[in-house]
Structures are given as C-alpha cells and as structure tokens.
Amino acid sequence: MAKEKQPKPEKKVEVPQTHKEEKHSYFPRLLIVYSLIVIVIALNHFFNWYSFPSYVTTVILLISGLWMLKIGVAKGFYGRRKEIFKKYI
C-alpha cells in the first residue's frame, strides 16, 4: 500500500489590526452655519420679506464683528505669539 498524503494543517495568520486615530477636523462647521444664517438674514433685510426688530440685526452684527476679530487675531499670530497676546488681554 502506498502511503496516503495527509493534508497539512493550514496555518491561520492573524493580521494585526491597526487603529487609525481620527485627526482633528479643522473645517469650521459652526462658522459655515453662522455665515449662512447671516447671509439669509441679509437677504431678508434687503428684500424686506420679513421684518426683524432692529436689535436682532444689531446683535448679529456685533457677534459677527467679534468673531471676525477673533479669526483675524488667530490667523495673524501663531503659536507662541498668540499665547503672549492672550496673556495681556
């Protein structure tokens, strides 16, 4: 009798799973949403579709101005200078 070849046991190779860390998104979602709201209110004021009280428009302009100031300071200063500037404010 001839020897029968026995099948070799299959080796299961485990692939190490690497977990990719999610990077922080720098896309300013809140700024985009706020900008769209301001655009809609500006179009509303231009075409006189609905009249808002004047204090609503004033508050929106104030918040927009402060936000633009913050963005300007953040873009104008980098790392260390930004921390020094915050210390004096």
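The questions and answers below concern helix packing and aromatic pairs in a predicted model. Residues are numbered from 1 along each chain as its sequence is written, and in this predicted model local features need pLDDT of at least 70, while side-chain atom pairs count only at pLDDT 80 or more and totals for chains, interfaces and linings use all residues. Side-chain values use heavy atoms, with hydrogens and water left out.

Q: Which residue's side chain is joined to that of Ser 64 by a polar contact?
A: Ser 64 lies in helix H2, residues 54–76, where helices are DSSP runs (H or I) of at least four residues, numbered from the N terminus. A polar contact is a pair of N or O atoms within 3.5 Å, one able to donate a hydrogen and the other to accept it within protein, and residues adjacent in sequence count only if both atoms are side-chain atoms. At 3.0 Å, the partner of the Ser 64 side chain is that of Tyr 34.

Q: Is Tyr 34 buried or exposed?
A: Buried means under 20% relative accessible area, exposed over 50%, and partly exposed in between, with a 1.4 Å probe and protein chains only. Because its relative accessibility is 16%, Tyr 34 counts as buried.

Q: What is the angle between the planes of Tyr 34 and Trp 67?
A: Rings of Phe, Tyr and Trp (its six-membered ring) pair if their centres lie within 6.5 Å, and planes under 30 degrees apart count as stacked, over 60 as edge-to-face and the rest as tilted. A search of the whole structure finds four aromatic pairs. Tyr 34 and Trp 67 form a tilted one, 5.1 Å centre to centre, with an angle between the planes of 35 degrees.

Note on methods:
Helix = DSSP H or I, 4+ residues; strand = E, 2+ residues; numbered from the N terminus.
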